[in-house]
Amino acid sequence: MKEEKIKTLYLYELEGGGCIMHDGYIQIGIMKHSVEKHMELNPTVNWIVTYWCPDIFSNRYERVTFQKTKKKNEGSPRTDNQGQGMDLGIKPKGCGILKDK
C-alpha cells in the first residue's frame, strides 16, 4: 500500500547545518540535522524548502480580533488601558504637611 502525504509543511535551512520547521505562519521546531535528513526521516509529509522563515511566536503581530477589541475600547474609562481608569490631572488629596520640605 502506498503511503499518502497528508500535510504540507515547510523547512528553512540554517547556515550551521540545522533546519527550522514551520507551517508558513509560525515556527514549529528546530532540528540539528540537515533539511535532506529531515525529509528522509519524515516521508509522509509534503515538505517544501523555503528561503524564508517566519518570526518566532512571541514576535508575531497581535491577532486581528484583539486589534478590533483594542480599537473599540479606546477612550472608555473602564477598558482603556492607556488611562487605567484614573484621571492623572487631579492632585492627590493626601496630607499637605510636607509640602514645604
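What follows is a short chat about the fold and some residues of a predicted model.

Me: What should I know about the model before I start?
Reply: The model is predicted, so local features need pLDDT of at least 70 and side-chain atom pairs count only at pLDDT 80 or more, while totals for chains, interfaces and linings use all residues. Residues are numbered from 1 along each chain as its sequence is written, and side-chain values use heavy atoms, with hydrogens and water left out.

Me: How many helices and strands are in the chain?
Reply: The chain has two helices and four strands. Helices (H or I, at least four residues) and strands (E, at least two) are DSSP runs, numbered from the N terminus. Starting at the N terminus, the elements go β-β-β-α-β-α.

Me: What order do the strands take in the sheet?
Reply: The order is β3-β2-β1-β4, in an open sheet of four strands with mixed pairing. β3 (27-31) and β4 are the edge strands, and each pairs on one side only. From one strand to the next, the twist averages 30 degrees. For that angle, axes are lines fitted to C-alpha atoms, for helices over the stretch in contact, and angles run from 0 to 180 degrees between N-to-C directions.

Me: What counts as pairing?
Reply: Two strands pair if DSSP finds at least two bridges between them. Strands β1 (residues 7-13) and β4 (residues 45-50) run parallel and are joined by six bridges. The pairing of β1 with β2 is antiparallel, over four bridges.

Me: Which residues stand opposite each other?
Reply: Across to β4, Leu-9 stands opposite Trp-47. Across to β2, Leu-11 stands opposite Met-21, and Tyr-12 stands opposite Ile-20.

Me: What is going on with Gly-17 in the hairpin?
Reply: Gly-17 takes a positive phi near 105 degrees. The hairpin is that of β1 and β2, with five residues between the strands.

Me: New topic. Is Leu-11 buried or exposed?
Reply: Leu-11 is buried, because its relative accessible area is 0%. Buried means under 20% relative accessible area, exposed over 50%, and partly exposed in between (1.4 Å probe, protein chains only).

Me: Which residues make up the largest nonpolar core?
Reply: Leu-9, Leu-11, Cys-19, Met-21, Met-31, Val-35, Val-45 and Trp-47, eight residues in total. β1, β2 and β4 are the elements that give two or more residues to this core. A nonpolar core is a set of buried Ala, Val, Leu, Ile, Met, Phe, Trp, Tyr and Cys residues joined through side-chain atoms within 4.5 Å. In soluble globular proteins, nonpolar side chains tend to be buried together.

Me: And how much of the chain is buried?
Reply: Buried residues are 15% of the 101 residues in the chain.

Me: Where is His-38 found?
Reply: His-38 is in helix α1 (residues 35-41). His-38 is buried, with a relative accessible area of 5%. Leaving out residues up to four places away in sequence, His-38 touches Leu-11, Cys-19, Met-21, Met-31, His-33 and Trp-47.

Me: What about His-22, buried or exposed?
Reply: His-22 counts as buried, because its relative accessibility is 0%. His-22 is found in strand β2 (residues 19-22).

Me: What does the side chain of His-22 reach?
Reply: The side chain of His-22 reaches the backbone nitrogen of Gly-24 at 3.1 Å.

Me: Last one. How many salt bridges does the count come to?
Reply: The count comes to one salt bridge. A salt bridge is a side-chain nitrogen of Lys or Arg within 4 Å of a carboxyl oxygen of Asp or Glu. The side chains of Lys-37 and Glu-40 form it, at 3.8 Å from N to O.

Me: Where do Lys-37 and Glu-40 lie?
Reply: Both lie in helix α1, three residues apart, about one turn of the helix. Lys-37 is partly exposed at 37% relative accessible area, and Glu-40 is exposed at 56%.

Definitions and conventions
Contact = heavy atoms within 4.5 Å. Polar contact = N/O pair within 3.5 Å; in protein donor to acceptor, adjacent residues only side chain to side chain.
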